[in-house]
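Trainee: Could you walk me through this assembly, starting with the fold of one chain and then moving to how the chains meet?

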There are 6 protein chains.
Amino acid sequence: MLYISRKEHFNAAHKLYNEQWTKEKNLEVFGPCANGNWHGHNFDLIVTVKGIPDPETGFVVDLKKLSTMIRAEVIDKLDHKNINLDVDFMIGKMASCENIIVEIWKIVEKHLPAITSRGKLHCIRLYETPRNYVEYFGE
Amino acid sequence: MLYISRKEHFNAAHKLYNEQWTKEKNLEVFGPCANGNWHGHNFDLIVTVKGIPDPETGFVVDLKKLSTMIRAEVIDKLDHKNINLDVDFMIGKMASCENIIVEIWKIVEKHLPAITSRGKLHCIRLYETPRNYVEYFGE
Amino acid sequence: MLYISRKEHFNAAHKLYNEQWTKEKNLEVFGPCANGNWHGHNFDLIVTVKGIPDPETGFVVDLKKLSTMIRAEVIDKLDHKNINLDVDFMIGKMASCENIIVEIWKIVEKHLPAITSRGKLHCIRLYETPRNYVEYFGE
Amino acid sequence: MLYISRKEHFNAAHKLYNEQWTKEKNLEVFGPCANGNWHGHNFDLIVTVKGIPDPETGFVVDLKKLSTMIRAEVIDKLDHKNINLDVDFMIGKMASCENIIVEIWKIVEKHLPAITSRGKLHCIRLYETPRNYVEYFGE
Amino acid sequence: MLYISRKEHFNAAHKLYNEQWTKEKNLEVFGPCANGNWHGHNFDLIVTVKGIPDPETGFVVDLKKLSTMIRAEVIDKLDHKNINLDVDFMIGKMASCENIIVEIWKIVEKHLPAITSRGKLHCIRLYETPRNYVEYFGE
Amino acid sequence: MLYISRKEHFNAAHKLYNEQWTKEKNLEVFGPCANGNWHGHNFDLIVTVKGIPDPETGFVVDLKKLSTMIRAEVIDKLDHKNINLDVDFMIGKMASCENIIVEIWKIVEKHLPAITSRGKLHCIRLYETPRNYVEYFGE
């Protein structure tokens, strides 16, 4: 069993803001992350797939195909976007990394079988900054 | 003559958008950077000061004081903000790195004499991403 | 279940030295790390907390509170210090990363409930250099 | 139980090429990685050993000895070499990271008992580029 | 005057080998870099352009156009190639970074006027590894 | 004219302390950097040599020889040492990066002619942390 990882990145704006709360409560809980006019990050995304390599290619998954799929299905929807306003799969959700990563898992898991019969999604890691990151293993 | 550098960072939203132009022309010139709902970055800022060290302290400038000044005068105005909407020194200007860096130069140059009599501002470097950066030497 | 990580850093001096041994045996076993006058490192510390996000905030743990707690309880005791001489929780122990990390685990585990009811400590990772690091999962 | 990691690196040429296939099929499957005249990478290798520290040294494994062993048994055979042509343990195998890492596991596992009685091999991680890497846990 | 930089990368094989010399002399002078079967690197290339920003766009040069030009004219000729055998502008030259960078300068300088009337090429920096790099300023 | 750089590193302890001053004044001026029991860093050192390449080797200076010289003459004297107590060329001087770098310049400049007749020392850069660094150009 081998674990294969690919890093992609996107630049996006967001804010942490609970629409059920007053502006004051949002600022109290989220601090400057609740800034009404947004802020943003260079996000780094690492997708890890596990499986047994194909003896003919030496591959669990073709990293070029994995990169192409992640870019088409995830990065193109997030890059140079506002996560709260522009991203269909985040509408109505808090734009926290914890929530973003669960949605990315669902998308990647759905599209992975089209590019590999051997690899299964193992982990998604999302860096908001070089010092803050979140991981999800699907359960 | 020694050159002393300090790196700080801020996370901000911006868009590249010329208000004199139509939306179509903005998208044509700036591409996804003109997204109306903004996008954002983790910016890294490097300030370089040059001078002859003080024989008693071994310092051209006290890096703790330099860091404190940059944070108070520059970072606090940009971090977790929207550069187009929230930053007083950028109002009415294109929010490109080329313009941001010239304004940061003016601010740092103005406040440097209060913390060092030996050091002069030499360079400002601003990373928008790890792959794109701008430098300014004051002229 | 999500895994949230925060990176902090501290700069400290230490030596690897077993007081039960002769100087010669220490140099034989620890080599230059046993240098009597100490050496030092820029240590990077990554704390990982796991849990299920709060639906109202999207958080397992507020990363600002996590950072503040780690700085108050761990970093302030280690940063710009001599680990063998200045750090109360290391007195009488070998100042190896393996031992430091177990003590950091105890401290973070004790103070985590005060800032999150959902998150549990999952992992501590300590980099002594970019090429040497140690991880501990609490057992 | 502690997990101790050491990073080493090597610079090597390789190509992805299945000798059972035509040149056309190789280019179709492997794209530019099948370039007949090779290409190359700066590979980063991380070896992780787990165990309970020795109370006298604070060590699971002496990182200097671990580094020396990895360099002698692995790095010297790969660094400044062509993985397809020059590396005995890769002869007749696809030079993919997935295959390289399994061979490195066998070598490190064989030589580890000579330098530690407490540590067991836990993981090998191999970076082909900063954005593509593979991990193996021995099963 | 502002200095704008863009980083690109390519993965290539090469060897340092003077065809006028014997194999023994090549090994004596270049050591493992003369390995007859090649070795390789992940090269990082930084191109710096200087000029006065356009007041309408805030740009000295459009970084998207700069990136596209570098990829078309430089990266595509080097990436996943053998520098000694596959790269037309290196035929008959020593494949040292010092020589590669002078050829890259000529190419970028020639194609820059097509994408900017304000920017002039200032510097090319080429990393062979994170620890070895070469810079050229065109004279 | 080409500029060739090589990065090396060393791990050392130091304190900023002026022996002519009281302990109180040292703490007032240098803050935690004056901690009597030392602190430490992973220092990164970049040496840049400039010159015209030799047409036969493509080299301004052989980077292997440059690395060997820097390690023998500089790194071995600083690595795993206390800069205030153990380093002959720093005795009686403030152990600030500004002073260390001037001494390193003198050493490298003296030993460079033995390994290259074409290259001249251009710059020394010393990182105390990833966020603080000093450069010296010899005048």
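**Fold and contacts**

Mentor: Read along the sequence, chain A runs β-α-β-α-β-α-α-β-β, where helices (H or I, at least four residues) and strands (E, at least two) are DSSP runs, numbered from the N terminus. This is a predicted model, in which local features need pLDDT of at least 70 and side-chain atom pairs count only at pLDDT 80 or more, while totals for chains, interfaces and linings use all residues. Residues are numbered from 1 along each chain as its sequence is written, chains are lettered from A and ligands numbered from 1 in the order in which they are written, and side-chain values use heavy atoms, with hydrogens and water left out.

Trainee: How many helices and strands is that in chain A, and what box do its C-alpha atoms fill?

Mentor: Chain A has 4 helices and 5 strands, and its C-alpha atoms fill a box of roughly 60 × 25 × 25 Å along the principal axes. Of its 139 residues, 60% are buried, meaning under 20% relative accessible area with a 1.4 Å probe, protein chains only.

Trainee: Switching to chain B and chain A, what area is buried between them?

Mentor: About 1,600 Å², with carbon and sulfur atoms giving 50% of it; buried area here is the accessible area (1.4 Å probe) that two parts lose on being put together, summed over both. On the chain B side, Asn37(B), Asn42(B) and His80(B) lose the most area to chain A, together 36% of what that side buries.

Trainee: What about α4 in chain C, which elements do its buried residues pack against?

Mentor: Helix α4(C), residues 97–111, has 15 residues, and its buried ones, including Ile101(C), Ile104(C) and Trp105(C), pack against β2, α2, α3, β4 and β5 of chain C together with β1 of chain D.

Trainee: Last one: how far apart are the closest C-alpha atoms of chain A and chain E?

Mentor: They lie 14 Å apart, and no contact (heavy atoms within 4.5 Å) joins the two chains.

Definitions and conventions
Expected span 1.5 Å × (residues − 1). Buried < 20%, exposed > 50% of the residue type's maximum accessible area, 1.4 Å probe, protein only.
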